[in-house]
Amino acid sequence: MRLATGRGGPWLAAALLLWSCHAGAQTAKPAAQPQPATAASTAGDADIPFAPAHDTMITQKSSPDAWGGERTGQEATLSDRVVSYTIDASLDAAKHAVTGKEHLTWRNRSDREVRSVYFHTYLNAFQNEGSIFFTERNIETAHGSSRGNARLEKGQWGWIHLQKVQQGDAALKWSFVHPDGGPDTDQTVVRIDLAQPVPAGGTLALDIDFLSQLPRVVERTGWWGDFNLVAQWFPKIAVLELPGERGATQVRWNAHAFHFNSEFYADFGLYDVHLTVPSDYTVGAVGKLQGEPEQKNGTTTYHFVQGDVHDFAWVAAKDYKTLDGTYEGAGSPKVAVRVIYPQEYVASAAPSLKSSIDAIGYFSKTLGPYPYETLTVVVPPYNAQEAGGMEYPTFFTSEGFQYVEQDTWTQMASDFVNIHEFGHGYFYGILASNEFEEPILDEGLNEYWDNRMLAERKQDFVLATPFTKWLGIAPHIPGFVMERLGATLKHPRDPLAQNSWDRISGTSYGTVYTRTATAMHDLEARLGKPALEKAFRLYYQRWRFRHPSVADFRAALIDSSGDAKDVDQIFNEYVYGTGTLDDTVTSIDTEEVLPQAGVTWKDDKQSEVVAADLDKQTDKQREDWKKAHPNAKPGDPGPFPWHSTVTVERNGIAAPELLRVTYADGTHEDVTWDDDQRWARFDFVKPSKVVSAELDPDGHNYLDDNRLNNSLTTKADSAASRRWTADVAAVLQTFYSMLGTL
């Protein structure tokens, strides 16, 4: 997970701001910088190009047989395993360094031979300030808020050094390449030239010796004190995409550099990993522990295996505690759930266990049964917050709190982070979308589904501490309202389908979470909750253990709901565009319907009604009516009907709107405004006059960037201003009280 304003979406932006602090400096023995074996290169094989660096938005759906076709559940393995890794790794705890021996097998799915392969060397993002990660960070954080701002001091840099690469008995050469352009000093993608090409349909076997130096925690990986989150730590082969897969029109390597905002993308496969660490360290990892750990000379070796995943990460931390639980549900194996935590955050252990198990149940019920046997949750220590809120298959990192009290911001923050990070196990893990190019499919859709879970639990965002709660101040804000507040709906800078690095700022990247959740909320309002949930289930069923694109997601929504109009509007305006919505009620005009003066003709005979005569007639009718209705109240129907005209305008894109008019007698009437005109007038002739009008009275259109102009009344009503004033006052009181507790 990666968010400009915090790890749990806008829900946590205010809360995390109050308690987070920068990790302090800690020195380690510096190591020599790795050097490439050959000069840098920027070109791929002549016949196998790289995926585009910038033109990454996909509008054409994948072919039905992409990635081997839809998984039926009858196959021998959950995924079509393209790659396997057997790794022996040993942690030097004092240096926070990992030595590794990797044996990789990779299947060439294409119809042509492959002479060079490409690997991600992600840790080199933290090698020096010349990486794409650091150069992009300088720009994006200057124009918006973001995480990952820690400054590395002497001895705190990280890298991965390829020491030996062999194909059989042949030693291979390699060079760093730059598929996305960027500085020549970036070394996060490496090209390995093969001694023997891999034929079409053939299998490659490589043996790689490597040294991974963890950085002091900057983002997603690293160390602090005796805590080591070992992620993005081994050479990982890039994805060879075929025509008809995720917009590809020819065989291509999808091998993007490690950008500041980007996350990851890899083939499904099998991981068989041995980890050797000091015996007083607690270890957790992707996958299932095989047998009992083996102890020798003060170290312990753990053996983890997991198939049908596309990454492997682990944690080794001295003297950490564990808390275990289980999940059992229809269609899933018995799931062993473990929370690994430092003593300082013991308060987070039980809540993290509960919310994680609850999340397994919700996602299993609404999308599909959880298919793995394990789930490991890691709570990082104080000063390693940047290691928190990060997801891997069957494994994620959470947040730590010194107290987690019911109906306070810490309880909400703890639950949301755990639910969100677990949710990645579906949208990033099982669906395996390309987080580099299409973060909407992971961060955005996950954020939306998380909020649906919280809404079902009737769990709002709570901005309160124990002290403010004791004072009776505990503002509750629904989750989708919070998402809307952070979605920059008025002036969005980048389409939701944009890749993770071509964005104006870290703040704009953050709208992948908030604006996607808001757009999906509004699409649900149009399609209906059951229809939208059915469509998501189809998307999951169709694309699990494959790699869908945004276009594939759109196709699943249309195929399931049958509503291409509403789906396409959301996608055209918000997913592929930067549309805005702002509908307003601009005027209410009313007049009594009285007899009219003038000339009329009937049977060739002219008659004229004189205004003075009409005045006498209407005065008499009013007097007679009052006598007949001595107890009439203001607003009750009178002797004459009323003609009311309500004018509405659009200052953005068209969206279906419900207009509710309320009459003086307290009754109301609803009409639909569902065309693409810039304005409209609605006329009502009723016994009472219209006294107020409101667009979207049920609050379905969260994409409307200014809801304050959605209503109008013919007389002043201070209720709204009083309510807003009270809400703002409560939030400010809570904010200042929380500051006082730091």
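How many of the 14 residues of helix H5 are buried? In this predicted model, H5 is mostly covered, with 12 of its 14 residues buried. The helix comprises residues 443–456 and reaches 20 Å from its first C-alpha to its last, close to the 20 Å expected at 1.5 Å a residue. Just after H5, Lys458 takes a positive phi of about 55 degrees.

Salt bridges form a second topic. The count in the model comes to 36. One of these salt bridges joins the side chains of Arg109 and Glu245, with an N to O distance of 2.8 Å. The two partners lie in distant parts of the chain, 136 residues apart. Arg109 is placed in the loop between strand S2 (97–107) and strand S3 (114–120), while Glu245 is found in the loop between strand S12 (239–241) and strand S13 (252–254). Arg109 and Glu245 are both buried.

A salt bridge also connects the side chains of Arg220 and Glu263, at 3.8 Å from N to O. This pair again links distant parts of the chain, the separation being 43 residues. Arg220 belongs to the loop between strand S8 (203–213) and strand S9 (222–224), and Glu263 to the loop between S13 and strand S14 (269–278). Arg220 counts as buried because its relative accessibility is 0%. Glu263, at 1% relative accessibility, likewise counts as buried.

The surroundings of Arg220 bring in a further part of the chain. Met390 and Arg220 are 170 residues apart in sequence, yet their C-alpha atoms are 6.1 Å apart in space. Met390 is located in strand S23 (residues 390–392). With a relative accessible area of 1%, Met390 is therefore buried.

Lys288 and Glu373 form another salt bridge, in which the closest N and O atoms are 2.9 Å apart. Here too the pair links distant parts of the chain: Lys288 is in strand S16 (residues 288–289), and Glu373 is in the loop between helix H3 (349–366) and strand S22 (374–378), 85 residues away. Elsewhere, salt bridges that share partners join Glu241, Arg246, Arg252, Glu437 and Glu438 into one network.

Four strands make up an open sheet in the order S32-S31-S34-S35, and their pairing is antiparallel. Its edges are formed by strand S32 (668–673) and strand S35 (711–713), each of which pairs on one side only. On average, neighbouring strands of this sheet are turned by 15 degrees against each other, direction ignored. Ser692 stands opposite Thr713, a residue of S35.

Notes. Residues are numbered from 1 along each chain as its sequence is written. This is a predicted model: local features need pLDDT of at least 70, side-chain atom pairs count only at pLDDT 80 or more; totals for chains, interfaces and linings use all residues. Side-chain values use heavy atoms; hydrogens and water are left out. A salt bridge is a side-chain nitrogen of Lys or Arg within 4 Å of a carboxyl oxygen of Asp or Glu. Helices (H or I, at least four residues) and strands (E, at least two) are DSSP runs, numbered from the N terminus. Buried means under 20% relative accessible area, exposed over 50%, partly exposed in between (1.4 Å probe, protein chains only). Two strands pair if DSSP finds at least two bridges between them. Axes are lines fitted to C-alpha atoms, for helices over the stretch in contact, and angles run from 0 to 180 degrees between N-to-C directions. The expected span of a helix is 1.5 Å times one less than its number of residues.
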